[in-house]
Amino acid sequence: MPESTFDLPSEHERNIFGQYDAHLKLIEEELHVRVVPRDGRVKILGSSEDVGQAKKLFAMLLVLSERGNTITEQQIRYSLSLLSEQREREMVSIDREIILHTMSGRPVKPKTIGQKEYIDSIDSNMITFGIGPAGTGKTYLAMAMAIRAFRAEDVSRIILTRPAIEAGEKLGFLPGDLQSKIDPYLRPLYDALYEIMGAEAFLKNSEKGLIEVAPLAYMRGRTLDNAFIILDEAQNTTPSQMKMFLTRIGFGSKVVVTGDRTQKDLPAGETSGLDVAYKVLSKISDIGFCELTSRDVVRHPLVQKIVEAYEKYEARDAARRDRRQIKASNTIRRSRKA
């Protein structure tokens, strides 16, 4: 059986192999090789092609580990998919760009090609629509870009907003003042702010009016100059709300609109403002549309599998509906001829 060796410093072994060698087992299973660690080197056994692929993968993972990354199962699986497409160099180039560091010192950076294209679009366009399923980092990366622009004084304030609509539930009466009633809808935005900026810095800037977190209804009648504005959960806007929001934008501002077109909480029959914007604005210059997919999910690998399973189910369901409509139309035409 063909074999080859690869120099893998012992200080990076645990990171690349994973806890209880979970990553190593995944690599062996996916590439059909056997890997034997030996004093700062690994011996790789398998077919010539599979051994070559394994060496490329280990080279990629070693670079990521040397840059201080904690290797995750998601990164292993994504690297394997890029390897199969002969795009392994892109994974290494993605990792070079650090947007900023969180309060705990963790670097925030794109982890997939889709995420890299997303932050590049935010950099180069006045308005960017980030569309994709849960777990693709749409809101978190937009928040990081907003805070980076704020710290660099490219903008004078940050405005974060989202429509206040229940996720398919009727919550009824909520106690407290107006702020207490709307805070639960805005909690995901607060969570990202606290992690990246820190609670103390957020409260200090919030008191000065430099960071504002508010429901979408508060945007009406305003003109927003020199601000970084993020509209989250945009799939739950109506067309009139989306138009209202986009026409608030003033000079020196940058806007990111995020949403998942498959998770609408609008009343049945209501058209989503995000869907309309996608049709109306896609050909206007200085407006970027970045579509993330299940491949860009950076949460637990199970989330990626869930997203993919729902995508397949919804595609089959749509095909069944189309067949039923065609069958019904043909039945009507035959009855008219008769």
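Select residues 127-131, strand β6, and show the side chains: Ile127, Phe129 and Ile131 point one way, Thr128 and Gly130 the other way, and all are buried. Buried here means under 20% relative accessible area, with exposed over 50% and partly exposed in between (1.4 Å probe, protein chains only). In a regular strand the side chains alternate between the two faces of the sheet. Since 5 of the 5 residues of β6 are buried, the strand is largely enclosed by the rest of the structure.

A word on the source: this is a predicted model, where local features need pLDDT of at least 70, side-chain atom pairs count only at pLDDT 80 or more, and totals for chains, interfaces and linings use all residues. Numbering runs from 1 along each chain as its sequence is written, and side-chain values use heavy atoms, leaving out hydrogens and water.

Zoom in on Ile131 and you'll find its bridge partner in β10, Gly259. (Pairing takes at least two DSSP bridges between the strands; strands are DSSP runs of E, at least two residues, and helices are runs of H or I, at least four, numbered from the N terminus.)

Last stop: residues 138-151, helix α7, spanning 20 Å from first C-alpha to last, close to the 20 Å expected at 1.5 Å a residue (1.5 Å times one less than the number of residues). Color by burial and 11 of its 14 residues are buried, including Leu141, Met145 and Phe150. After α7 comes Glu153, with a positive phi near 65°.
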